[in-house]
Amino acid sequence: MTIKVKRQLNDGPKIRREKEIVAKMIGIYCKKKHHQKALCEECQDLNDYATNRLSLCPFGEEKTACAKCSIHCYKLDYRQRIKSVMRFSGPWMLLYHPIESIRHIPIPGKLRK
């Protein structure tokens with residue numbers, strides 16, 4: 001008998017901000033690579049998957065960057081897709097969303113107040 005544990009969905013300010021940033025990066029990627037104004041089906045699927053994974057993140061508001069996380073909750077194909085999106089969109093974020101780009105840069109613990 002398998003017991004499913006229902007996790008509470010994360011909807012704190014950090015998770016909401018992460019979702020917004022990922023959506024913006026996927027939007028830039030789709031616009032530049034797939035030449036779409038709205039997200040194409042493939043990019044919408046990736047955005048839905050990333051949003052769902054963030055909502056279910058076991059670390060919640062205490063999460064680190066996904067790349068530095070000890071738990072890789074993305075399936076391998078989605079992980080590769082989101083990496084290529086971030087690699088492509090990262091530099092474009094400075095142009096289209098400079099404030100979010102600067103906020104997203106991790107600050108080492110010793111430099112924080």
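Which residues have the most contacts inside the largest nonpolar core? In this predicted model, those residues are V22, I26, C43, L46, Y74, I82 and V85, within a core of 19 residues. The elements that give two or more residues to this core are α1, α2 and α3. Helix α1 contributes the most, with eight residues.

Helix α2 comprises 15 residues and spans 21 Å from its first C-alpha to its last, close to the 21 Å expected at 1.5 Å a residue. Its buried residues are C43, L46, N47, Y49, A50, R53, L54 and S55. The cover over these buried positions includes α1 and α3. C43, one of the core residues with the most contacts, illustrates the packing: leaving aside neighbours within four places in sequence, C43 is in contact with I26, Y29, C30 and H34. Of these partners, I26 is likewise listed among the core residues with the most contacts.

When neighbours within four places in sequence are set aside, the contacts of R53 are with C73 and Y74. Y74 is itself among the core residues with the most contacts.

Side chains of opposite charge can pair when their charged atoms come close. A search of the whole structure finds two salt bridges. One of them joins the side chains of E100 and K24, with an N to O distance of 2.6 Å. This pair links distant parts of the chain, since E100 belongs to helix α4 (residues 98–104) and K24 to helix α1 (residues 13–34), 76 residues apart. Both partners count as partly exposed, E100 at 22% relative accessibility and K24 at 26%. In the other salt bridge, D45 pairs with R81, and the closest N and O atoms are 3.7 Å apart. Here too distant parts of the chain are linked: D45 lies in helix α2 (residues 41–55) and R81 in helix α3 (residues 76–96), 36 residues apart. D45 counts as partly exposed at 32% relative accessibility, as does R81 at 22%.

Four aromatic pairs are found in a search of the whole structure. In one of them, the rings of Y29 and F88 have their centres 5.7 Å apart and their planes at 90°, so the pair is edge-to-face. The Y29–F88 pair links distant parts of the chain, Y29 being in helix α1 and F88 in helix α3, 59 residues apart. Y29 is buried, with a relative accessible area of 15%, whereas F88 is partly exposed, with a relative accessible area of 25%. Y49 and Y78 form a stacked aromatic pair, 3.8 Å centre to centre with 10° between the planes. Because Y49 lies in helix α2 and Y78 in helix α3, the pair ties together parts that are 29 residues apart in sequence. Both Y49 and Y78 are buried. Ring pairs also bring in Y74, linking Y49, Y74 and Y78 into a cluster.

Within helix α1, I15 counts as buried, at 0% relative accessibility. Not counting residues up to four places away in sequence, I15 touches N10, L54, G60, E61 and K63. I15 and E62 are 47 residues apart in sequence and 9.5 Å apart in space, C-alpha to C-alpha.

The loop between α1 and α2 contains H35. Most residues other than glycine have a negative phi. H35, although not a glycine, has a positive phi of about 55°. In contrast to the buried I15, H35 counts as exposed, at 65% relative accessibility.

Methods
Residues are numbered from 1 along each chain as its sequence is written. This is a predicted model: local features need pLDDT of at least 70, side-chain atom pairs count only at pLDDT 80 or more; totals for chains, interfaces and linings use all residues. Side-chain values use heavy atoms; hydrogens and water are left out. A salt bridge is a side-chain nitrogen of Lys or Arg within 4 Å of a carboxyl oxygen of Asp or Glu. Helices (H or I, at least four residues) and strands (E, at least two) are DSSP runs, numbered from the N terminus. Buried means under 20% relative accessible area, exposed over 50%, partly exposed in between (1.4 Å probe, protein chains only). The expected span of a helix is 1.5 Å times one less than its number of residues. Contact means heavy atoms within 4.5 Å. A nonpolar core is a set of buried Ala, Val, Leu, Ile, Met, Phe, Trp, Tyr and Cys residues joined through side-chain atoms within 4.5 Å. Rings of Phe, Tyr and Trp (its six-membered ring) pair if their centres lie within 6.5 Å; planes under 30 degrees apart count as stacked, over 60 as edge-to-face and the rest as tilted.
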